[in-house]
Amino acid sequence: MSSKNRVTPEEALAYHLEPKPGKYEITASTPMATQRDLSLAYSPGVAVPVQAIADNPETAYDYTVKGNMVAVISNGTAILGMGNLGALASKPVMEGKAVLFKRFADVNAIDIELDTEDADEIIKAVSLMGPTFGGINLEDIKAPECFIIEQRLKEIMDIPVFHDDQHGTAVICAAGLINALEISGKKIQDCRIVLNGAGAAGIACLELLKSMGAQHDNCIMCDTKGVIYQGRTEGMNQWKSAHAANTDLRTLDEAMKGADVFLGVSAKGAVTQEMVTNMAENPVIFAMANPDPEITPEDAHAVRPDAIVATGRSDYPNQVNNVLGFPYLFRGALDIHARAINDEMKIACANALAKLAREDVPDEVAMAYGRKLSFGRDYIIPTPFDPRLIYVIPPAVAKAGMDTGVARRPIIDLHAYELSLKSRMDPTASILQGLHARAKQAQARMIFAEGDDPRVLRAAVAYQRAGLGKSIVVGRESDVKEKLEAAGLGDAVRELEVVNAANTRHLHAYREFLYNRLQRNGFDRLDIHRLAARDRHVFASLMLAHGHGDGLVTGVTRKSAHVLSHINHVFDAKATDGAVGVTALLHKGKIVLIADTLVHEWPEPEDLATIATKAAGVARNLGLEPRVAFVSFSTFGYPVSERATKMHEAPKLLDARNVDFEYEGEMTVDVALNPEAAAQYPFSRLTGPANILVVPARHSASISVKLMQEMAGATVIGPILTGVNRPIQICSTASTVNDILNMAVLAACKVG
């Protein structure tokens with residue numbers, strides 16, 4: 001794994017420990033506040049749906065979560081290439097799989113770890129869970145038991161049973177191969193295909209490709225003992241035997257001569273450059289071993305520039321990533337109340353993925369990956385963060401399920417279904433992914449001003465190890481070393497650049513700059529020395545002003561007003577200078593910006609118009625099309641209030657400025673955000689719910705943000721400082737390590 005993307009044990013454990021142990025929790029989706037709510041939720045009200053389901057079992061999909069619930073089941077016998085570590089050790093992986101279901105396809109999932117290696121016991125346990133779930137996802141169960149378990153459960157259960165280690169890899173592999181063969185001008189029925197790795201994933205890949213037209217006699221399967229040929233007895237089982245070829249070939253080296261396609265689900269270094277040299281023209285190489293492929297794209301292209309190469313790695317083009325498949329396969333299957341996920345549904349998923357990769361890539365996807373993506377040798381598989389996946393793949397899967405008769409409840413209007421899927425999208429995750437990709441491309445030298453705080457140090461280490469750029473920490477080397485060692489990151493001291501007034505050769509230049517700036521504001525040279533040498537916020541700002549860093553993150557140890565006042569010694573970051581603070585609230589898949597949360601204490605109409613314009617710029621930097629609402633307790637002039645008047649006047653000032661974004665006001669928050677409330681005002685210029693709320697004063701902005709954070713659990717990013725000529729972001733004193741890292745990413749992307 002690239003050192004720039006290294007995840008340390010300490011970071012991994014902290015991620016799973018904070019803010020609560022594990023990766024998900026369950027929340028109620030119905031009211032639970034009053035005695036009446038409880039009576040409806042449990043006794044006596046629950047008796048009504050119980051009887052309805054007893055009379056008609058299909059209504060379980062209407063009255064319970066069954067229709068959107070998947071069980072992620074493992075016994076921990078084949079954990080992520082780590083081997084048989086047991087059921088309990090597999091739990092972090094299964095929790096991770098559960099949250100991927102939710103993140104990518106809005107499918108609820110619960111992990112279940114079964115403490116047995118007996119296939120019959122697993123089959124019995126899982127089959128008894130059928131009434132609870134709409135689908136079963138088997139994970140990290142070793143071969144050959146995984147084949148036995150899946151096949152038997154498919155026979156006895158009337159809901160989809162899907163072993164993702166097999167079929168997830170197979171589906172994405174098939175999607176990539178469809179496009180690779182189109183580029184190379186070959187047909188699957190004519191191709192010689194060599195597969196190395198006769199485990200669950202390898203066998204599933206070959207089975208799916210054969211169902212798509214690959215010829216049995218053209219497919220050579222290899223394992224650690226060589227080619228699986230007819231008559232071989234050593235290391236065989238019934239699943240390998242089904243793919244035994246009538247061939248004289250005995251080694252992978254021999255099999256690769258003249259091969260059109262290589263599929264690897266084996267081990268690092270299994271393929272040599274000589275093997276690649278001996279392949280046919282325009283060879284297709286899917287080296288999918290993790291974490292290191294059978295051969296790297298660099299080594300393959302060094303001897304065969306015409307090769308089309310895919311791996312399982314995110315740091316190379318063409319990643320074969322199961323997350324492109326299983327969430328959307330289950331989404332489509334659940335939505336038709338499917339009895340199974342069959343080959344036709346898997347092929348439909350592969351074809352839809354392949355087709356999507358051939359289409360024009362939206363700008364937000366290109367922005368997320370920091371490069372232009374277009375169909376070709378380095379882009380044959382869609383990226384996991386493509387927002388179109390949720391509404392392109394499930395309809396294709398659902399249609400195939402309906403066409404093959406496994407749907408209990410067919411979807412009548414597929415267009416309406418597609419629109420409903422769009423509403424399940426979570427824009428916040430793709431926005432954060434895009435920002436991280438842009439930051440990685442920018443490679444900004446980030447100044448972390450408060451090197452005496454362990455949270456800041458951990459964020460600085462994470463920033464650098466994530467490959468986002470260089471971390472520069474302001475602090476004393478001994479203090480930084482001590483705190484990093486206490487955090488279990490002692491080895492990171494050598495990676496970070498630690499700067500202070502005592503070890504910089506620039507202190508004289510800093511003092512002269514500051515004296516020239518402040519000498520007419522009551523500061524003498526002694527004052528200037530104290531500020532430059534002893535105040536970390538001023539010192540860090542001076543570093544930034546002199547180009548000794550590309551961005552600045554501060555504010556974790558002092559209140560934002562204090563920090564801003566010290567930054568103003570070096571930069572013009574006051575309200576009169578056009579500075580504005582914008583805070584992003586992320587909650588339940590929605591993002592709303594609130595301004596001003598930092599600079600303007602009591603803005604006048606002119607200030608409010610400027611705040612709106614600056615906030616619109618931040619929104620666009622985040623990938624949002626701005627819709628501004630000037631909010632108050634009144635709507636369009638009623639009730640009349642002196643304090644609401646300025647919110648009424650501000651939009652008129654924007655009229656005169658001819659700005660290029662939507663805005664409206666004044667209005668209450670519900671009219672700004674709720675389409676039903678907004679519908680009462682058909683003359684409103686907003687075409688949808690506002691994503692920027694301009695509030696009357698800083699105190700109301702602060703109250704709104706903190707209320708959403710504390711009562712609703714919203715994620716807060718900001719305040720984002722904009723209107724200053726260098727990238728500076730001020731964290732809150734309650735910031736977590738992840739919050740600080742996000743602010744550094746914003747500074748690197750110059751969002752402000």
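Tutor: Start with strand β3 (residues 135–138) and β4, which run parallel and are joined by three bridges. This is a predicted model, where local features need pLDDT of at least 70, side-chain atom pairs count only at pLDDT 80 or more, and totals for chains, interfaces and linings use all residues. Residues are numbered from 1 along each chain as its sequence is written, and side-chain values use heavy atoms, with hydrogens and water left out.

Student: What makes β3 and β4 a pair?

Tutor: Two strands pair if DSSP finds at least two bridges between them. β3 and β4 have three bridges, so they pair. Within β4, V161 stands opposite I136. Strands themselves are DSSP runs (E, at least two residues; helices are H or I, at least four), numbered from the N terminus.

Student: Which sheet has β3 and β4 in its order?

Tutor: An open sheet of four strands, in the order β2-β1-β3-β4, with parallel pairing. From one strand to the next, the twist averages 25°. Such angles run from 0 to 180 degrees between N-to-C directions, with axes as lines fitted to C-alpha atoms, for helices over the stretch in contact.

Student: Why are β2 and β4 called edge strands?

Tutor: β2 (108–113) and β4 (161–163) each pair on one side only. β1 and β2 pair in the parallel sense over six bridges. There, I73 has I112 in β2 as its bridge partner.

Student: How do you know that β1 is mostly covered?

Tutor: Six of its six residues are buried. Buried means under 20% relative accessible area, exposed over 50%, and partly exposed in between (1.4 Å probe, protein chains only). M69, A71 and I73 point one way from β1, V70, V72 and S74 point the other way, and all are buried.

Student: What makes both faces of strand β14 covered?

Tutor: In β14 (residues 551–554), G551 and V553 are buried on one side, and L552 and T554 are buried on the other. β14 also has strand partners. Strand β11 (residues 444–448) runs parallel to β14, joined by three bridges, with I447 opposite L552. Strand β21 (residues 728–730) pairs with β14 in the parallel sense, again over three bridges. I730 in β21 is the bridge partner of T554.

Student: How many disulfides are there?

Tutor: The count comes to zero disulfides. A disulfide is a pair of cysteine sulfur atoms within 2.5 Å. For C222, the nearest cysteine sulfur is that of C219, 12 Å away, so C222 is in no disulfide. C349 is in no disulfide either: the nearest cysteine sulfur, that of C173, is 13 Å away.

Student: Are C222 and C349 buried or exposed?

Tutor: C222 has 0% relative accessibility, so it counts as buried. C349 is buried too, with a relative accessible area of 0%.

Student: Why is the contact of K20 with E25 called a salt bridge?

Tutor: A salt bridge is a side-chain nitrogen of Lys or Arg within 4 Å of a carboxyl oxygen of Asp or Glu. The closest N and O atoms of K20 and E25 are 3.1 Å apart, so the pair meets the rule. K20 and E25 are exposed. By this rule the count comes to 44 salt bridges.

Student: What makes K355 and E359 another case?

Tutor: Their side chains meet at 3.0 Å, N to O, in a salt bridge. K355 is at 48% relative accessible area, so K355 is partly exposed. E359 is at 33%, so E359 is partly exposed as well.

Student: Which parts does the salt bridge of R685 and E664 tie together?

Tutor: The side chains of R685 and E664 meet at 3.4 Å, N to O. R685 lies in the loop between α29 (675–678) and β19 (692–694), and E664 in strand β18 (residues 662–667), so the pair ties together parts that are 21 residues apart in sequence. R685, at 38% relative accessibility, counts as partly exposed. E664, at 5%, counts as buried.

Student: What joins K91, E95, D111 and E113 into one network?

Tutor: Salt bridges that share partners join them.
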